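My entries follow in the order in which I looked.

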Amino acid sequence: MSLNQLLEFLRHTPAMLSKQAIAESVSMPNVEGVNTLQALYAYPGDDTAAVALQDQYLLHACEGMLPSFVANYPYFAGWSAVMANVSDIAAMGGQALSVVNSIWHRDTEQAQLLMHGMQDACTAYGVALVGGHSNIGMQYQPTLSVAIQGTAQKLLSILHVKPQQKILIALNLHGQFHPNTVYWKCFERVSGRILQAQLAVLPQLAEQDLAHAARDISNAGILGSLLMLLEATGSGANINLDRIPKPRWVDWQTWLQIFPSYGFLLTADEDKCQDIIELFESQDICCAVIGESNATSKVQIHHQQESDCFWDFQQQRFTGFDYADILKKLMSNSSSIEPMNQEATYA
């Protein structure tokens with residue numbers, strides 16, 4: 001398969017199309033009244049909303065599980081809902097505090113499996129399961145939604161992406177695919193202590209000012225998640241596919257679609273990259289520099305001797321959450337921005 005054929009396939013996966021549907025169905029938030037970068041952190045686009053409170057940020061996120069996933073794999077769905085939320089908090093440079101959930105199901109035993117999955121994941125990741133809303137009845141379709149709260153001292157926000165930042169990927173290669181899916185599971189038979197230590201790398205990066213931005217790798221896969229890292233600032237990138245860590249036995253078509261239980265994309269200055277790589281490697285996580293951001297709005301992919309454009313934000317929206325104009329406005333009025341932990345320097 002040529003690079004052109006590979007990228008064409010990846011543009012049209014169901015997960016990628018579902019992300020593009022957001023731009024068609026959800027209106028871009030009105031940012032006319034936004035006059036600080038802190039206020040913009042609460043808007044859609046990042047893995048969580050971040051609300052400034054005194055000397056820290058409150059983080060809020062929510063995940064909904066596909067009804068078919070809930071019906072066919074109730075325990076794994078419960079675990080995954082918590083795991084995805086915890087990853088969202090970590091991607092912002094935060095630490096998770098508590099989880100709430102809403103369940104609809106027609107079967108009591110299946111609902112109990114959902115709850116057990118959530119409870120076990122909360123125990124493993126050190127997060128409190130503090131309540132929710134349960135509905136059991138024959139008229140209900142199996143459905144699960146889980147929300148999470150966390151805190152951060154400093155943020156790894158996609159609003160911090162600028163040209164000439166290095167782009168890194170961090171992946172746990174010690175995993176396996178859930179049968180007949182692209183879910184890459186790295187948590188089975190792993191202690192909670194290790195799972196928590198691996199996630200703790202992200203807030204360390206934020207608090208030590210090593211990275212600017214981060215995005216967890218979601219169901220849109222590696223390249224789809226990359227688009228969500230870049231779109232908010234209208235940034236482009238050059239990406240070298242051959243630098244992405246990958247098990248030898250997995251082909252690119254499959255690997256670029258992965259939804260891993262541990263996977264992140266980050267941006268950082270070149271002189272900070274080695275420190276970032278070493279921090280991840282200290283927790284047995286593979287990390288590599290895979291490219292660099294730029295101001296072209298085009299995401300160019302390089303593989304062996306081939307090169308092709310995967311996406312051009314000037315020609316096509318992805319999720320539609322583009323804050324480039326308001327960020328330029330904030331930068332021009334930077335003297336009026338009140339900094340907290342130096343976040344305003346990114347505007």
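This is a predicted model: local features need pLDDT of at least 70, side-chain atom pairs count only at pLDDT 80 or more; totals for chains, interfaces and linings use all residues.

I then checked the length of α5, which runs over residues 74-91. At 1.5 Å a residue its 18 residues should span 26 Å, and I found its end C-alpha atoms 26 Å apart, which agrees. Just after α5, I noted that Gly93 takes a positive phi of about 85°.

Next I turned to the largest nonpolar core, which holds 108 residues, and in which Tyr125 and Phe280 have the most contacts. The largest share of this core, 10 residues, comes from α5.

Which residues does Tyr125 touch, not counting those up to four places away in sequence? I listed Trp79, Met83, Val86, Phe187, Leu195, Gln196 and Leu199. Of these, I placed Trp79, Met83 and Val86 within α5 by its residue range of 74-91.

Last, I looked at the second largest pocket, where about 450 Å³ of space lies. It is lined by 24 residues, and those closest to its centre are Thr233, Gly234, Ser235, Ala324 and Lys328. Helix α12, residues 324-332, gives the largest share of the lining, with 5 residues. When I sorted the lining of this pocket by residue type, I got 10 nonpolar, 8 polar and 6 charged residues.

Definitions and conventions
Residues are numbered from 1 along each chain as its sequence is written. Side-chain values use heavy atoms; hydrogens and water are left out. On a 1 Å grid over the protein atoms alone, a cavity is a set of points where a 1.4 Å probe fits but cannot get out, and a pocket is an open set with protein on both sides within 12 Å along at least five of seven lines; lining residues have an atom within 4 Å of a point. Grid points are joined across faces, edges and corners, and a volume is the space filled by probe spheres set on the points. Helices (H or I, at least four residues) and strands (E, at least two) are DSSP runs, numbered from the N terminus. Ala, Val, Leu, Ile, Met, Phe, Trp, Tyr, Cys and Pro count as nonpolar, Asp, Glu, Lys and Arg as charged, and the others, Gly among them, as polar. The expected span of a helix is 1.5 Å times one less than its number of residues. A nonpolar core is a set of buried Ala, Val, Leu, Ile, Met, Phe, Trp, Tyr and Cys residues joined through side-chain atoms within 4.5 Å. Buried means under 20% relative accessible area, exposed over 50%, partly exposed in between (1.4 Å probe, protein chains only). Contact means heavy atoms within 4.5 Å.
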